[in-house]
Amino acid sequence: MIASFKKDIEKGLSSSPKTLPSKYFYDEIGDDLFVKIMHSEEYYLTRSELDIFTNQTLQIIKELQLEQSTYFELIELGAGDGLKTKQLLKKLNEEGYKFDYLPVDISQNALSNLKKSVNKELPNVSIKTQQGDYFKVLESLKNSKKPKAVLFLGSNIGNMRDNIATQFIHNLGRNLNANDKLLLGVDLIKSAEIIKPAYNDSQGYTRDFNMNLLFRINKELGGNFDLEQFKHEPEYEESEGIAKSFIVSQTDQDVHIKKLDMTFHFAKGEKISTEISRKYNDEIIQDLIKESSFSLVSKLTDSKDYFANYILNRN
Ligand code: AVI
């Protein structure tokens, strides 16, 4: 981990414009902050998707074409705390469906916690956690003859650039069989008035989440970033539909990173790009899947039309 962290930080801070990969938000501190973000008033994404999973559960089951008589696998990529999925598990269980729930995550800690809570709240649900890289796990599951429904929720796909997301969907298709399903949860394009506060909450959790990148570089690589001299700055234009997070240097300054044996210069006002969170509409989704083996089955939205769950069929 430290080797790739070092390499990615060196590459990102040496490029112009400077970048830092958002995947490094998520250490123990970052995981904690992300939970706080999800519960914050301004971050509507989690609540909106939970609204769909709570109020349209039977519709989800119908659109996924799950059958009571056929054993299937419900695979979740990047399972987190499973809050939304548990609504679906509960309904499937009540209605007598036969299935294995296979949450996939890189973090064994997240999976262990999820397993404990599912075992406690839904003791009849069969949960088989899968630790590792999404595609390696999917490849290992490919030979199973059971129908599959894959969940990729939370607008996690929005943290990928469109070309990477297209590739991701393509790879998913390669690892599934005909008539398997994909449920893709995405945040929808809407006004800056709603989106910008979601990436700049009043409690400062998102600021700390973003600044955690500099904190980690200081802690793990011996950097001397003065966090007071950098500022969290989100941007969003509705016409583009992409929320962007930056860290902006407040002054002309040099930062030394011991473990890289390198010094980086930051001009006053210079921005480090740290994350993109793409927002979607039907056209963008159609564009993402047009070269893939998926076709659109249906779309469910929450009561405010903020968020969508697209259901796709593997042809
Ligand atoms: C995980 N991901 C979908 C979040 C998002 O909305 O892009 C990460 C996040 N970044 C800032 N706040 C939340």
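These legends walk you through several close-up views of a predicted model. Residues are numbered from 1 along each chain as its sequence is written, and side-chain values use heavy atoms, without hydrogens and water. Because the model is predicted, local features need pLDDT of at least 70 and side-chain atom pairs count only at pLDDT 80 or more, while totals for chains, interfaces and linings use all residues.

**View 1. The shell around the ligand.** Here you meet the residues with a heavy atom within 4 Å of the ligand; among them are Tyr26, Phe34, Asn156, Tyr199 and Phe209. By class, this shell has 5 nonpolar, 6 polar and 1 charged residues. (Ala, Val, Leu, Ile, Met, Phe, Trp, Tyr, Cys and Pro count as nonpolar, Asp, Glu, Lys and Arg as charged, and the others, Gly among them, as polar.) Helix α10 (205-221) and strand β12 (271-278) each supply at least two residues of the shell. Helices (H or I, at least four residues) and strands (E, at least two) are DSSP runs, numbered from the N terminus.

View 2. Look for the side chain of Tyr43, with an N or O atom 2.5 Å from an oxygen atom of the ligand. In the side chain of Ser277, an N or O atom is 2.6 Å from a ligand oxygen. For Glu275, the side-chain N or O atom is 2.8 Å from a nitrogen atom of the ligand. The protein covers 98% of the 340 Å² of accessible area that the ligand has on its own (Shrake-Rupley method, 1.4 Å probe).

**View 3. An open sheet.** Follow the 4 strands in the order β1-β12-β9-β8, with mixed pairing; two strands pair if DSSP finds at least two bridges between them. The edges are β1 (18-19) and β8 (230-235), each with a single partner strand, so one side of each is left without a neighbour in the sheet. Strands β8 and β9 (residues 242-249) run antiparallel and are joined by 6 bridges.

View 4. Strands β13 (residues 294-301) and β14 (residues 307-314) pair in the antiparallel sense over 7 bridges.

Technical notes. Polar contact = N/O pair within 3.5 Å; in protein donor to acceptor, adjacent residues only side chain to side chain.
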